[in-house]
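Reader: Could you take me through how the chains in this structure meet? Please keep it brisk.

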4 protein chains.
Amino acid sequence: MSTKTSGKSFIEKARRAQIMQTTIEAICDLGYAQASIGQIAKRAGVSKGVITYHFPSKDELMQKIVEELYLKGASFMSEIATESTAANMLRRYIETNLEFILAHKNHVAAVAEIVMNFRDEEGRLIYHKPADNSIYVPIIEILHWGQEDGSFRPILPSSAQVLAMTIRSAIDLASQQLVANPDFNIQEYAKELIQLFEAATGKPPI
Amino acid sequence: MSTKTSGKSFIEKARRAQIMQTTIEAICDLGYAQASIGQIAKRAGVSKGVITYHFPSKDELMQKIVEELYLKGASFMSEIATESTAANMLRRYIETNLEFILAHKNHVAAVAEIVMNFRDEEGRLIYHKPADNSIYVPIIEILHWGQEDGSFRPILPSSAQVLAMTIRSAIDLASQQLVANPDFNIQEYAKELIQLFEAATGKPPI
Amino acid sequence: MSTKTSGKSFIEKARRAQIMQTTIEAICDLGYAQASIGQIAKRAGVSKGVITYHFPSKDELMQKIVEELYLKGASFMSEIATESTAANMLRRYIETNLEFILAHKNHVAAVAEIVMNFRDEEGRLIYHKPADNSIYVPIIEILHWGQEDGSFRPILPSSAQVLAMTIRSAIDLASQQLVANPDFNIQEYAKELIQLFEAATGKPPI
Amino acid sequence: MSTKTSGKSFIEKARRAQIMQTTIEAICDLGYAQASIGQIAKRAGVSKGVITYHFPSKDELMQKIVEELYLKGASFMSEIATESTAANMLRRYIETNLEFILAHKNHVAAVAEIVMNFRDEEGRLIYHKPADNSIYVPIIEILHWGQEDGSFRPILPSSAQVLAMTIRSAIDLASQQLVANPDFNIQEYAKELIQLFEAATGKPPI
DNA sequence: GATGAATGAGATTTCATTCAT
DNA sequence: TATGAATGAAATCTCATTCAT
C-alpha cells in the first residue's frame, strides 16, 4: 500500500516537474500565448490528457510555475541577510538577484511572460497589483539602513522609492537580455551595475 | 474633385484612426492576446468586417500602431538635440522621454504589449532584435560626449553600455506604472530620475 | 436625351463587356471559386460596387457569361449545315467545333468551369441536366444520315449514342488542353481526330 | 496490449474512413466548394472539431481522398497485364477501367471534383500537370504493341497520342454520367466503347 | 495514471451584397 | 454611374477541456 502510494506520489511529482519544465521551455521559445497545452504535450512527448490530468486547468499549471519560482526565490534570497554594512548589502542584493536569474534563467523568463499575460475573464492581470510595493521594500530598507550607518549619501524617502525601482528594473532587464541574447555576460553586467549604484548612492569624497 | 478625394480620404483616415485608438485601449485593458478583432469591433460599435475592411489583417493593424508610435516618437525626440552640455542633455533626454510617455501613455503601453507578444508562426518575436543596440545608442553618445566636455565622471565604454541600459529601463518602467497605477506621479518620477542619474554620472566635488 | 440614353447604353454595354471579359480571365487563372467579385474588380481596376451595379448578383454575371457563349456558339455552328455527305459533315462538325474552341478559348474554358461548379443553395448543378441529350443530338443525326447516304458502316442507335458521346468528349478535351498546355496544337489535334473518327465510322473497303 | 493498440488504431482508422466516405458523398452531392468542414461534420453527425482532429487541415483530407483512390486504382489496374494480344489488351483496359469506375463511382467522381478544383493560394491547380502525359502512356504502349503484333491497323505516333486521349476521355465520361444519371448503363457503355475502338484500330478486312 | 477521442467556443479571414453619397 | 464603407454569414482552424476506456 504505502509503496504503491509513494510510488504514485513519486511518479506524480516527477510528471508534474517534467510538465512544468517543458512548459517553461515552451513559454521561453514560443511566448505565453502560443504555449498551448497541445504544444507542451507534443514537446513533452505525452498526450494532452496527461497535462490536464496532473493540472486540472491550464491556469493552475501557470500558477504552479509562478509559485515554484517564488519558493525557489524565497530560499535563494534568505542568504542575503548577512552583510555588515548597507553598502555591502546593496552589492550583495544585486549580486544574489543576478545569480538567481542566471541559475534559473528560463524559469524566471517564463514567469515574467506569465505575470505579464495571465489575465482573468474580464482582462485584468492576475499577478499585477499596481499598488503592490512589496518588491521594492527590501531595497528601500537597505537604502534606509544606509542612512543610519552612513554608508550612503543622504537620500530622501521619495528618492529611495525611485532608486529602488531603478535598481529593480535594471536587475529585471538582465533576465530579458539573457534569454534573448546568448552573448549576454551577466557577471560583467553585475559588476557594472554594482559600480553604477555605488556611484549613485555613494557619499562624495571630501 | 479635391473635396471628394479628401472627403474619402478623411473618412478612411478617421475610421482607421478610430480603430487604431480603440485597439490601443483594448490592448491596454485586455492585453494583447484578448484584444481580438471581435472585442475591438464591439468596443468600436461596428461589425468585425469593418476592421478587416480598413486593415486587411490583424497583423497589419498591429504594425500600423507600432509604426505610428515610432513616427510620433521621431518628431517628439527631434526636439532634444539642443542642449549645451552633456549633463543638460541627459536631463533633457530623461524629461522628454517621460513627457512623451505621459503624452501618449496608452499608445506607449499598447506598443509595449505588442512588441513583447507579436510573434511569427515559429514563435519568434517580430519586433525583438536581441543584438539591436540602437535604442541605447543615443544615451551612450551623451555619456561619451560627457567625457569630452567634462560633464561626467570617467565612465568606461562597458560601464556606459550598462548605464544606458539602466536609464532606459527606468524610463520604460514609467509607462508600466502609468497604466497600472492611476496615482503614479510621473513628473515627480522624472525629477527623481534626473537627480539619481546626475548622482550616478556626476564628478565628485573636490 | 437620346444621345444621353444611347451614351449610357453604350457605356453600359462596354462596362458589362469589360466586366465579363475580366471575369472570364479571372476564372481561367484562378478557377471558379477564387474568382471572387473582389478579385474581378481588382483586375478590372474598378470598385466592387461597379460589378454589383451592372450585374445585380454574382450568379447573374455567371449566367450572362454562359448565355453569351451559347449565343456565340449558335451563330458559329449555323455554318455547319452545308456539307454534301454525312462523312464530310462529321469532319466539318469536328473542325468547326475545334475552331470555335480555339477562337474563344478562355470563354469556353470559363464556361466549362462555371457549368461544373455553379450550383443552387441545395448544391444541385444549375447547368447540368443529366437526362439532357441535346448536346449529342446533332452528332447522332449526322451518324443517322450516314446510314442513309451510305457514308458510314452500319451503326446501331445504341452505338451511335456512345459514338456521339466519345466524339463530344474528345472535342471538349481540346479546351482543357488548350488552357493548360500552351504547346497544345489544336489544328494537329483536329486532323487526327478527323482521321480517327473516319476510321471508326468508315465502311471497310471490300 | 496488442488489443489496445489495434483497438485504438481501429477507432482512428474507422473514423478517418467514415469522414473520408462522408466527404466523398458530400462532394458528389454538393460539389467541391460547398463541401465544407461544417457540411461534412453535419452529415457525419459529429462536431466540426472531429474533422480537424483526424485531419489537421481540409487540404490534407482532400489529399488523402485522392491518394486513397490512387492506391485502390494501382491494385485494381495491376490485373490488366495478362492478355495475349494488343487487341485483347485494349478491350481489357477499357473493361477494367469502367469496372473500376463502377466499383468506386462516388470516390472517382469526388476525386475528379477535387482534381479540377483544388488550387493553391495563387490559384494554380495542384493536381493538374499539363505536360503530364503519364495517364496516356499505358494506352499508347498498347497501341504500339498492336503495331508489332499486327493486331491494329498502322497508327502513327501522333495518331496514337490522340487516340489515347480520346479513349481516356471516353472512359472518364462514364464517371460523370454515372453520378449524374442513375439510368446510365455502364456495362452497355463498355461494350459499345470496345466495339467502337475496335473499329477505330482494326485492320480493314481484305 | 494515461490516452485518444470528441466537443464547442472563439479567433481570423473572405466574401457577396447593400447602401449612402 | 460609380465608389467607398459597412455588414453579416460562413469558412477554416486552434484550443482548453471533458470523458470513456
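This is a predicted model: local features need pLDDT of at least 70, side-chain atom pairs count only at pLDDT 80 or more; totals for chains, interfaces and linings use all residues.

Reader: How many residues of chain A are in contact with chain B?

Author: Start with the contact rule, heavy atoms within 4.5 Å. On chain B, 41 residues take part. The number on chain A is 41.

Reader: How much area do chain A and chain B bury between them?

Author: Carbon and sulfur atoms carry 58% of the buried area. The total for chain A and chain B is about 3100 Å².

Reader: Which residue of chain B forms a salt bridge with Glu113(A)?

Author: The count of salt bridges between chain A and chain B is two. In the one with Glu113(A), the closest N and O atoms are 3.7 Å apart. A salt bridge needs a Lys or Arg nitrogen within 4 Å of an Asp or Glu carboxyl oxygen, so this pair counts. The partner is Arg119(B).

Reader: Which helix gives the largest share of the side of chain A that touches chain B?

Author: Chain A and chain B also have twelve residue pairs in polar contact. The elements giving two or more residues to chain A's side are helix H1 (2-34), helix H6 (105-117), helix H8 (157-180) and helix H9 (186-201). The largest share is eleven residues, and it comes from H8(A).

Reader: How many residues on that side of chain A are nonpolar?

Author: Sort the residues of chain A that touch chain B by type. Twelve are polar and nine are charged. The nonpolar residues number 20.

Reader: Which residue of chain A has its C-alpha nearest the axis?

Author: A rotation of 179 degrees, with 0.0 Å of shift along its axis, superposes chain A on chain B at an RMSD of 0.2 Å. The two copies are thus related as by a two-fold rotation axis. In chain A, the nearest C-alpha lies 2.0 Å from the axis and belongs to Ala200(A).

Reader: What percentage of the interface residues of chain A are also interface residues in chain B?

Author: Compare the interface residues of the two copies. They meet through the same surface, because the share found in both is 100%.

Reader: Now the other pair. How much area do chain D and chain C bury?

Author: Here 41 residues of chain D are in contact with 41 residues of chain C. Carbon and sulfur atoms hold 58% of the buried area. The total is about 3100 Å².

Reader: Which residue of chain C meets Arg119(D) in a salt bridge?

Author: Chain D and chain C have two salt bridges across their interface. In the one with Arg119(D), the N to O distance is 3.6 Å. The partner is Glu113(C).

Reader: Which helix of chain D gives the largest share of the side that touches chain C?

Author: Twelve residue pairs are in polar contact across the interface of chain D and chain C. Helices H1 (2-30), H6 (105-117), H8 (157-180) and H9 (186-201) of chain D each supply at least two residues of its side. With eleven residues, the largest share comes from H8(D).

Notes
Residues are numbered from 1 along each chain as its sequence is written. Chains are lettered from A and ligands numbered from 1 in the order in which they are written. Side-chain values use heavy atoms; hydrogens and water are left out. Buried area is the accessible area (1.4 Å probe) that two parts lose on being put together, summed over both. A salt bridge is a side-chain nitrogen of Lys or Arg within 4 Å of a carboxyl oxygen of Asp or Glu. A polar contact is a pair of N or O atoms within 3.5 Å; within protein, one must be able to donate a hydrogen and the other to accept it, and residues adjacent in sequence count only if both atoms are side-chain atoms. Helices (H or I, at least four residues) and strands (E, at least two) are DSSP runs, numbered from the N terminus. Ala, Val, Leu, Ile, Met, Phe, Trp, Tyr, Cys and Pro count as nonpolar, Asp, Glu, Lys and Arg as charged, and the others, Gly among them, as polar. Copies are superposed by least squares on the C-alpha atoms of residues with pLDDT of at least 70 in both.
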